[in-house]
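Good morning, everyone. Please put the model up on the screen, and I'll take you through a few parts of it.

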Amino acid sequence: MKLHEYQAKEILQRYGVATQPGYVARTVEEAVEAARRLQQEHGYELFVVKAQIHAGGRGKGGGVKLAKGIEAVREKADAILGMQLVTPQTGPEGQKVRAVLVAGAVDIAKEYYLGITLDRQRSQHVIMASSEGGVEIEEVAARAPEKILKVWVDPSIGLRPFQARRLAFGLGFKGNAFKQAVQFIQALYRAYEETDSSLAEINPLVLTEQGDVVAVDAKINLDDNALFRHPDLAELRDIHEEDPLEVEASTYRLNYVRLSGNVGCMVNGAGLAMATMDLIKLAGGEPANFLDVGGGASPETVEAGFRIILKDPNVKVVLVNIFGGIVRCDRVARGIVEAARKVQINVPLIVRLQGTNADEARAILEASGLEIETATLFKEVADKVNQALRRVTAA
């Protein structure tokens, strides 16, 4: 689950991570009041107004503006709030801005990058740091990989003080700034670990002209599977920033990710789902979604899956590929027939059921009287997907 910048900073502040002061605003008047508070509390005269959306590159799209004085904050907030902000990460459709963060501007002496995520190959957390902040880390990795420092943390013993010192030294911090950087890295790691985050990223981390180490931006992604341990963090979810179909799927506990292809797929098990998506591409199509209905695959989840898949106007063919291990194939077949009679399926439907009671399942589908094509082998599925796409294209 992604968080907004202001939410990430609020969490980091609880762990002692130094961030620039700021307040979230959802109206122009709230933005003006935020600026007044910052002026009274800290004496700021120069502010930054930042669009709050779940995407990077906001500045490039016009979503980050400097404002000198209260009236300038009013003007910038009025321009940003409600805009359809397009960045390299939003796609051409952009994302509507519903909130801004009004923060005090800082005097930046140097920018850095600092991020923590999971290295799945090593089964360890990795802290990445670079003296080149303010740009995408992927760009730095492609242009100057030697400028990215990495430290791996064994989760059984946690981050060691010498590791934080090694990163701070490698970034070139000295004197009091070095001490601050060490404390910053340790606090950020605690926040990352104790909130069950999958990503904690500060870009840029800055050294101010006054010698302070401060996060002027923050990105946190939470592990969805761990949210049951953090009900307070689960409440931070902003469904306006998510695909409506993915939001609907989550209400049925379906693992659904919308893609840009033309073949909708319903599968049980993530591994089989990935293999099915590869199969679709080999057949000449493009997967329109990742949809894992789980081990149960009840009539209710199958029906919900059909409804969600068919709401995507790009879907031209639907492929159901389910292995009957935990659940019997004949039970799934009855669920498919029941769901297909309730949902208007106006595109070719191809079904492959293998596993327990697969023969009984095939008989149920064939006796249903519905226009369902069945398949057994993967190659047979690929051929039928290819043929269905040709028929749809020719029509």
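I'll go through a sheet, a loop, a helix, some backbone details and the cysteines.

A word on ground rules. This is a predicted model, where local features need pLDDT of at least 70, side-chain atom pairs count only at pLDDT 80 or more, and totals for chains, interfaces and linings use all residues. Residues are numbered from 1 along each chain as its sequence is written, and side-chain values use heavy atoms, with hydrogens and water left out.

Let's start with the sheet. Helices (H or I, at least four residues) and strands (E, at least two) are DSSP runs, numbered from the N terminus. Two strands pair if DSSP finds at least two bridges between them. Here we have an open sheet of 4 strands, with antiparallel pairing and the order 1-6-2-3. Which strands stand at the edges? Strand 1 and strand 3, residues 64–68, do. Each has a single partner strand, so one side of each lacks a neighbour in the sheet. On average, neighbouring strands are turned by 25 degrees against each other, direction ignored. Axes here are lines fitted to C-alpha atoms, for helices over the stretch in contact, and angles run from 0 to 180 degrees between N-to-C directions.

Now look at strand 2, residues 46–51, and strand 6, residues 100–104. They run antiparallel, joined by 5 bridges. V49 has V102 in strand 6 as its bridge partner. Helix 1 packs on this sheet and touches strand 1, strand 2 and strand 6. Its direction makes about 50 degrees with that of strand 6. Contact means heavy atoms within 4.5 Å.

Next, T19. It sits in the loop between helix 1 (5–14) and strand 1 (22–25). Is T19 buried or exposed? Its relative accessibility is 14%, so T19 counts as buried. The cut-offs: buried is under 20% relative accessible area, exposed is over 50%, and partly exposed is in between, with a 1.4 Å probe and protein chains only. Leaving aside residues up to four places away in sequence, T19 touches K9, Q13, V214 and A215.

On to helix 12, residues 358–367. Its buried residues include A358, A361, R362 and L365. The face turned away from the buried side carries exposed D359 and A367.

Now the backbone. Just after helix 12, G369 takes a positive phi of about 80 degrees. N357 is not a glycine, yet its phi is positive too, about 60 degrees. N357 is in the loop between strand 17 and helix 12. D196 has a positive phi near 55 degrees, and it lies in the loop between helix 6 (175–194) and strand 10. Where is the cis peptide bond? It runs from N203 to P204, with omega near 10 degrees. P204 is in strand 10, residues 197–208.

Last, the cysteines. How many disulfides does the rule give? The count is 0, a disulfide being a pair of cysteine sulfur atoms within 2.5 Å. For C265, the nearest cysteine sulfur is that of C329, 18 Å away. C265 is buried, with a relative accessible area of 1%. C329 is buried as well, at 0% relative accessibility.
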